[in-house]
Amino acid sequence: MFHQIWAALLYLYGILLNSIYPCPEHSQLTTQGVDGKEFPEPHLGRWYFIAGAAPTKEELATFDPVDNIVFNMAVGSEPTQLQLYATIRTKNGSCVPREWIYHLTKGSTDLRTEGRPDMKTKLFSNSCPGGIMLKETGHGYQRFLLYNRLPHPPEKCVEEFQSLSSCLNSKAFLLTPRKQEACKWPSD
């Protein structure tokens, strides 16, 4: 009898806690389609890296020296490719250009990064206007990344991302400072 009462109290406590700190079900994350019809059009163009979240700080360490990152996604040389260019402004003021190719995976929502066979990227819709969330997984890491069309989206967008990623077992959080001017594109 005592165990049944205790179990009922714990159950009610869980319901109360969940109502105070609602945590959406993982299934509420909507994967963006990569069927070639609606994708990649909405995702082409300029994106600003806003924040990252992961289970551990080590999985975000690559972003520690970063002040801001601006990405440009373009159609690749083949229909199943996306070309991604980035300009990275480090906290010490340096500009670092990067580029890589995503391969669209037929019959899957995964994007594969050329030269990194262990890395998978999934795109998720975001309730924030002009926002998108990525989930990157690879050998020994998993992280969620928030991007937006604006360099400084509303604070509510960042709070929602942090809350959602925390619910998905990402306890480490990194917000890019975005205090310095973004690097110029080579074509600018």
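# Close-up views of a predicted model

**Figure 1. The largest nonpolar core.** Within the largest nonpolar core, which has 24 residues, the members that touch the most other members are Phe49, Phe63, Ile69, Phe71, Tyr102, Leu134 and Tyr147. Two or more residues of this core come from each of strand E1 (45–54), strand E2 (66–75), strand E3 (81–90), strand E4 (95–104), strand E7 (131–138), strand E8 (141–148) and strand E9 (172–175). Apart from this core lies another one, made of 14 residues, among them Ile50, Ala51, Phe144 and Phe161. In soluble globular proteins, nonpolar side chains tend to be buried together. The model shown here and in the other views is a predicted one.

**Figure 2. The surroundings of Phe71.** When residues up to four places away in sequence are not counted, Phe71 touches Gly45, Arg46, Trp47 and Phe49, and also Leu84, Tyr85 and Ala86.

**Figure 3. Gln83, a residue of strand E3.** Gln83 lies in strand E3, and its relative accessibility is 12%, so Gln83 counts as buried, the cut-off being under 20%. The side chain of Gln83 is joined to the side chain of Glu99 by a polar contact of 3.4 Å. With neighbours within four places in sequence left aside, Gln83 is in contact with Asn72, Met73, Ala74, Val75 and Gly76, as well as with Glu99, Trp100 and Ile101.

**Figure 4. The disulfide of Cys95 and Cys183.** The structure holds 2 disulfides, and in the one shown here the sulfur atoms of Cys95 and Cys183 are 2.2 Å apart. Because Cys95 lies in strand E4 and Cys183 in the segment after E9, the pair ties together parts that are 88 residues apart in sequence. The C-alpha atoms of Cys95 and Cys183 are separated by 5.9 Å. The torsion about the S-S bond is about -100 degrees, so this disulfide of Cys95 and Cys183 is left-handed. Cys95 is partly exposed, with a relative accessible area of 43%, whereas Cys183, at 6% relative accessibility, counts as buried.

**Figure 5. The disulfide of Cys128 and Cys157.** Cys128 and Cys157 also form a disulfide, in which the sulfur atoms are 1.7 Å apart. Since Cys128 lies in the loop between strand E6 (116–124) and E7, and Cys157 in helix H2 (residues 155–167), this pair ties together parts that are 29 residues apart in sequence. The link of Cys128 and Cys157 is right-handed, with 70 degrees about the S-S bond, and both Cys128 and Cys157 are buried.

**Figure 6. The setting of the close-up views in the protein.** The secondary structure of the protein comes to 2 helices and 9 strands, and from the N terminus on, these elements run in the order α-β-β-β-β-β-β-β-β-α-β. Of the 188 residues in the protein, 39% are buried. Among contacts between residues at least 6 apart in sequence, 54% join residues that are at least 24 apart. The protein exposes about 11,100 Å², and carbon and sulfur atoms supply 57% of this area.

Methods
Residues are numbered from 1 along each chain as its sequence is written. This is a predicted model: local features need pLDDT of at least 70, side-chain atom pairs count only at pLDDT 80 or more; totals for chains, interfaces and linings use all residues. Side-chain values use heavy atoms; hydrogens and water are left out. A nonpolar core is a set of buried Ala, Val, Leu, Ile, Met, Phe, Trp, Tyr and Cys residues joined through side-chain atoms within 4.5 Å. Buried means under 20% relative accessible area, exposed over 50%, partly exposed in between (1.4 Å probe, protein chains only). Helices (H or I, at least four residues) and strands (E, at least two) are DSSP runs, numbered from the N terminus. Contact means heavy atoms within 4.5 Å. A polar contact is a pair of N or O atoms within 3.5 Å; within protein, one must be able to donate a hydrogen and the other to accept it, and residues adjacent in sequence count only if both atoms are side-chain atoms. Accessible areas come from the Shrake-Rupley method with a 1.4 Å probe; for residues, only the protein chains shown count as cover. A disulfide is a pair of cysteine sulfur atoms within 2.5 Å.
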